[in-house]
Amino acid sequence: MSEKKIVIDVLSHATSAPAQGVGSAFLEQTRLMEELGKEDFTLLYNKSPSKADIVHVHSVNPDFYFKMNKKTLSVCYVHFLPETLKGSIRLPKPIFSLFCRYVVSFYRRAKEIVVVNPSFLEPLTRLGIEKERITYIPNFVDERVFHPATPEEKEELREKLGIPKKSFVVIAVGQVQTRKGVLDFLKVADRNPDLFFLWLGGFSFKGITDGYPILKKEMEKKRKNVLFPGIVSREEMVRYYQLSDLFFLPSYNELFPMSLLEACSCGLPYLIRGLSLYQPILPKKSLVGKDNEEFSTLLKRLSEKGTLYQEALSVSKEVKETYSRPHVYRLWKEYYLRILDKYHKNK
């Protein structure tokens with residue numbers, strides 16, 4: 001297998017809606033394979049599955065459904081479960097139910113499944129997907145793109161973007177959705193007028209976003225210490241991370257947040273809600289809160305940049321080292337070789 005390049009047909013429309021973690025994960029994974037795997041793999045994009053050894057599906061678009069057939073070795077990259085769609089999009093109940101059934105059928109149709117969080121394993125087996133077909137490979141980010149700025153660069157960035165130079169800047173990144181905890185983020189900002197808060201992201205799904213009217217109204221309120229730059233380019237996103245002091249995500253439901261990895265890669269400590277799905281993927285010493293009062297207390301302490309801040313920085317560095325490009329590439333290479341071998345034995 002290793003003597004001949006393995007051809008992978010990548011099927012994806014993951015970047016069709018802006019500012020999604022799924023799109024970021026797709027870009028990172030394919031760039032990883034093109035750069036570190038150029039001697040072992042050839043990537044095609046939305047071509048003919050019949051010309052490929054492996055068909056790797058990154059998004060659940062209907063035009064990919066029938067390309068996963070008996071003749072192809074299809075891999076489906078699972079970034080979300082039907083249950084995690086609640087709080088993300090708002091559709092009439094019959095349509096939402098139909099879409100969830102479609103997603104389940106899509107996953108079942110693939111020969112192999114890759115999950116970004118090991119906590120997905122049990123829910124997928126409950127949906128009728130055999131455990132042997134599911135493999136966990138984590139997300140990662142490119143440290144060449146997402147990296148810390150020097151103190152001088154940080155000050156310059158703040159000046160360019162109109163961010164108070166001496167403020168303790170708290171950043172969150174993600175689509176503006178109910179499940180992301182945007183309303184809690186704003187309540188915490190109201191409790192801490194001496195801190196400055198940034199939420200990077202917008203309504204990727206526009207009017208069908210869950211909680212759209214309330215969220216839009218709250219975002220439009222004038223707060224002196226809150227800024228919503230909206231959906232920005234990847235390059236701009238890096239700058240916002242670099243000028244910040246802390247990553248804060250009060251989300252109620254996550255998968256494997258790319259934004260947290262990006263923040264760690266840029267040298268930011270993080271504060272998150274204590275979700276059970278974080279337990280298998282993040283260090284036990286991660287700084288977590290359970291409600292807005294606790295978040296506020298922790299933010300006040302962190303803004304002093306004392307012992308707690310330094311401890312949180314140490315945890316962030318651990319995350320950055322764990323989800324490195326070379327390590328994740330080895331996992332993908334071993335995976336592709338293994339499933340090819342398994343597929344040919346079963347033919």
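Before you start counting bridges: two strands pair if DSSP finds at least two bridges between them. Also keep in mind that this is a predicted model.

**Exercise 1. Decide how well S7 is covered, and on which faces.**

Step 1. Here you need a cut-off: buried means under 20% relative accessible area. In strand S7 (residues 169-173), five of the five residues are buried.

Step 2. Sort the residues by face. In a regular strand, side chains alternate between the two faces of the sheet. On one side of S7 you find Val169, Ile171 and Val173, and on the other Val170 and Ala172. These are all buried, so both faces of S7 are covered.

**Exercise 2. Find the partners of S7 and trace the chain from S7 to S8.**

Step 1. Strands of a sheet pair through backbone hydrogen bonds, either parallel or antiparallel. S7 pairs with strand S8 (residues 196-200) in the parallel sense, over five bridges. Val173, for instance, has Leu200 as its bridge partner in S8.

Step 2. Now follow the backbone. From S7 the chain goes through helix H6 (residues 182-191) to S8, and this β-α-β crossover is right-handed.

Step 3. Check strand S10 (residues 246-249) too. Two bridges join S10 to S7, again with the strands parallel. In S10, Leu246 is the bridge partner of Val170.

Step 4. Six strands form an open sheet in the order S9-S8-S7-S10-S11-S12, with parallel pairing. Strand S9 (226-230) and strand S12 (287-289) are the edge strands, each pairing on one side only. The twist here averages 25° from one strand to the next.

Step 5. Finish with H6 itself. H6 lies across S7, S8, S9, S10 and strand S11 (270-273), running at about 165° to S8.

**Exercise 3. Describe how H5 and H8 cross, and say which residues make the contact.**

Step 1. Start with the geometry. The axes of helix H5 (residues 151-161) and helix H8 (residues 234-243) come within 9 Å, crossing at roughly 115°. The crossing of H5 and H8 is left-handed.

Step 2. List the contact residues. H5 brings Lys154, Leu157, Arg158 and Leu161, while H8 brings Arg239, Tyr240, Gln242 and Leu243.

Step 3. Sort them by class. The contact of H5 with H8 has four nonpolar, one polar and three charged residues.

**Exercise 4. Which residues other than glycine have a positive phi: find Asn46 and Lys305 and say how exposed each is.**

Step 1. Asn46 is in the loop between S2 and S3, and its phi is near 50°. With a relative accessible area of 36%, Asn46 is partly exposed.

Step 2. Lys305 lies in the loop between H10 and helix H11 (307-322), and its phi is near 55°. The relative accessible area of Lys305 is 38%, so Lys305 is partly exposed.

**Exercise 5. Is Thr297 buried, partly exposed or exposed?**

Step 1. Find Thr297 in helix H10 (residues 292-303).

Step 2. Thr297 has 44% relative accessibility, so it counts as partly exposed.

Step 3. For a sense of distance, draw a line from Thr297 to Val78. Their C-alpha atoms are separated by 36 Å, and the two are 219 residues apart along the chain.

Note on methods: Residues numbered from 1 in each chain as written. Predicted model: local features only at pLDDT ≥ 70, side-chain atom pairs only at ≥ 80, totals over all residues. Heavy atoms only, no water. Axes fitted to C-alpha atoms, helices over the stretch in contact; angles between N-to-C directions. Helix = DSSP H or I, 4+ residues; strand = E, 2+ residues; numbered from the N terminus. Left-handed = near helix turned anticlockwise from the far one by under 90°. Contact = heavy atoms within 4.5 Å. Nonpolar A, V, L, I, M, F, W, Y, C, P; charged D, E, K, R; others polar. Buried < 20%, exposed > 50% of the residue type's maximum accessible area, 1.4 Å probe, protein only. Right-handed = clockwise from strand over helix to strand, strands pointing away.
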